[in-house]
Each structure stands twice: as C-alpha cells, then as structure tokens.
Amino acid sequence: MTASVVSGAPGARSVSRAVVVDGIPMSALMSEAPRPRAVVVALHGGALTSGYFDSPVSPRLSLLTAGAALGFTVIALDRPGYGASAPYTERMPTVASRVGLAYATIESFLAGRPRGAGVFLMGHSMGCVLAVQMTADSRGQDLLGLEIAGIGLRPHPEASTFMGPLTRGERGSARPAPATLRDALWTPPHLYPAGAAGALTVSPSPGYEGDDVRGWVGSFPSLAAGVRVPVHYSLGDHERVWSSGPAALAEVASLFTASPRVVAAEQAAAGHNLSLGLSAMAYHLKVLSFAEECALSREYSDSAPLPGG
C-alpha cells in the first residue's frame, strides 16, 4: 500500500492527523512523546470515533494525555469506515483489506518517527474485533502486546434481549434489563462524569460491522488461538453488555492458548466505557503498565544471550 501524510503538525500533543493510504484518507488523534517508550495504537468501539480516547469533559481521563505524560506516543485511530475513511467503506470489503489498511496506516503515521520498543495495540468493544484480527495476522507477532476491553463471548444476561439476536440469534432473557443498548453502555450513570455521553462525537457504523457483530462469538476462539504476543483483558465490574465477573474473565483469557502471557483484570468502579468513566485514569495506568512490562520483556529477550553462548 502507498501512503502520504496530508495534515498534522509534528511535535504537538493530541492533534488531529490524516494520511492517505492507497487513495483512502485515514484519520487519527495523536499525542507524541519526544523519545517514546513505545507506541500505543488505540481502536475505538462502534458508532464512535477516536475521540473516545481523549475525554471531552476531563483531560485527566484522556488516554492521549496520560500516555504522553508517561512517555508513550499514542495514536487513537479512526477505524476503517470511520472518520475520514467513512465515504470509502466499499473499498475495504474484507477482513484482510481492513487489517492491511490499518497496518499501513500505522506505518504511515510513524514514518520517520521513533517508536521505542515497538507498537502496543489496544481495542475497546467493537474495536477489539479489528485489534484481535490484526494481532492474529502474521504481522501481529511483531507487536509488543494487546489490550482488549469491553468485549466477551456471551452477552450479559441483562442485555440478552437485544444482544442475543445481534450475536447468535439467542433468545432474550426474562431478567430485568436496560431498555436499550445505549442504556447498557452507560450503566450505571454515576460512574461517568457529568456530560460525558453527550459530549462524544458519534458516527454511523460501516456496513461491515453488522457481520462483525454476528460473527464475533464464532470467530473469536480461533482468532484468539492465533495471538502470539502478551494479552491484557479488561472488563468493568459494572459491565452490562457482555457477561462479566471472574468466570467470564477466565473464560476469555483461556482462549489465548498461544500467548506467552495473559492477564485478565476487572476494573473497579467501571461500566462498559472504561476510557470515559471516572475510573478511566486507573484503567489507563493499568494498560500502560502492562505495555511497559511488554517493552521490558522485549528488551530482555533482545539482550539475552543465546543458549550455550
């Protein structure tokens, strides 16, 4: 793929950038560290944009701000079919085309820029689908590690009335449930700062995302088995879209059979939107700490003497 930078001032923090990859404009928010420890590439969920990772109501809750402050360059990418690429969805009809576009976009954004120990990939909700697809790809073995959050194998019982039909045609539960998916995403409201939901930029979901939702439960186990880098998996203790709790965390963690290290973590005082809640800083610090551990592991691996040496 060919790419060219078309906007963005180097050296700035939390700036909008865009590149063109094979004629498709790709956009992102980016915060740069002068000598980065590593690069964190973050992939937002459905019907949102890269702004999910840059809290519109509280800078201290922003992944972009926290990452740069701790020496990480952060690229919050508008996933294929979102942001600047929204009018070009027909040119990314397959998983392979979207994975290739995402990798080419990352390389273009980082062209001529330091990346420290490497690239760490982070996904939230529907962004986890692309994140896992990318990491299971042959190019994924070069990543430092993977964080996925707000995703699972089974809909939460309280959300099965609308999540079941979206995933595997399951029948809804009789348990009390949030009225809509939006309600489940923002439950309970006291765990979010005032105005967080209303301040977000929303976006129409690209057509392919419906297939991703319907195929996720069936494809997730085989994709996870192909991941060969360290994995961190997070769920809020008040998650109401996907099944949560210790058993659900362990079930998903067990899928990553080829990963050298898997950590499953429940984030206290958090709902589905972990990067927007009042506990977002605590969550981001956990993820960045794991990315630091991945960087240390790579450095140790690269410097370790060969057996018998």
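The side chains of Arg115 and Glu107 meet in a salt bridge, with an N to O separation of 3.2 Å; a salt bridge is taken here as a side-chain nitrogen of Lys or Arg within 4 Å of a carboxyl oxygen of Asp or Glu. The model is predicted, so that local features need pLDDT of at least 70 and side-chain atom pairs count only at pLDDT 80 or more, whereas totals for chains, interfaces and linings use all residues. Residues are numbered from 1 along each chain as its sequence is written, and side-chain values use heavy atoms, with hydrogens and water left out.

Arg115 is partly exposed, at a relative accessible area of 27%, and Glu107 is likewise partly exposed, at 41%. On this scale buried means under 20% relative accessible area, exposed over 50%, and partly exposed in between (1.4 Å probe, protein chains only).

Helix H2 spans residues 95-110. Helices (H or I, at least four residues) and strands (E, at least two) are DSSP runs, numbered from the N terminus. The 16 residues of H2 reach 23 Å from the first C-alpha to the last, close to the 22 Å expected at 1.5 Å a residue, where the expected span is 1.5 Å times one less than the number of residues. Because 13 of the 16 residues are buried, H2 is largely enclosed by the rest of the structure. Just after H2, Gly112 adopts a positive phi of about 75°.

Side chains of opposite charge can pair when their charged atoms come close. In total, the structure contains twelve salt bridges. In one of them, Arg37 pairs with Glu292, the closest N and O atoms being 2.7 Å apart. Arg37 lies in the loop between strand E3 (24-31) and strand E4 (39-43), and Glu292 in helix H9 (residues 280-303), so this pair ties together parts that are 255 residues apart in sequence. Arg37 has a relative accessibility of 21% and counts as partly exposed; Glu292, at 27%, is also partly exposed.

A further salt bridge links Asp137 and Arg139, with the closest N and O atoms 2.8 Å apart. Both residues are partly exposed, Asp137 at 23% relative accessibility and Arg139 at 37%. Elsewhere, salt bridges that share partners join Arg17, Glu32 and Arg113 into one network.

Helix H7 (residues 208-225) bends by about 70° at Trp216, the bend being the angle between axes fitted to the seven residues ending there and the seven starting there. Trp216 is itself buried. Other buried residues in H7 include Tyr208, Glu209, Asp212, Val213, Val217 and Phe220.
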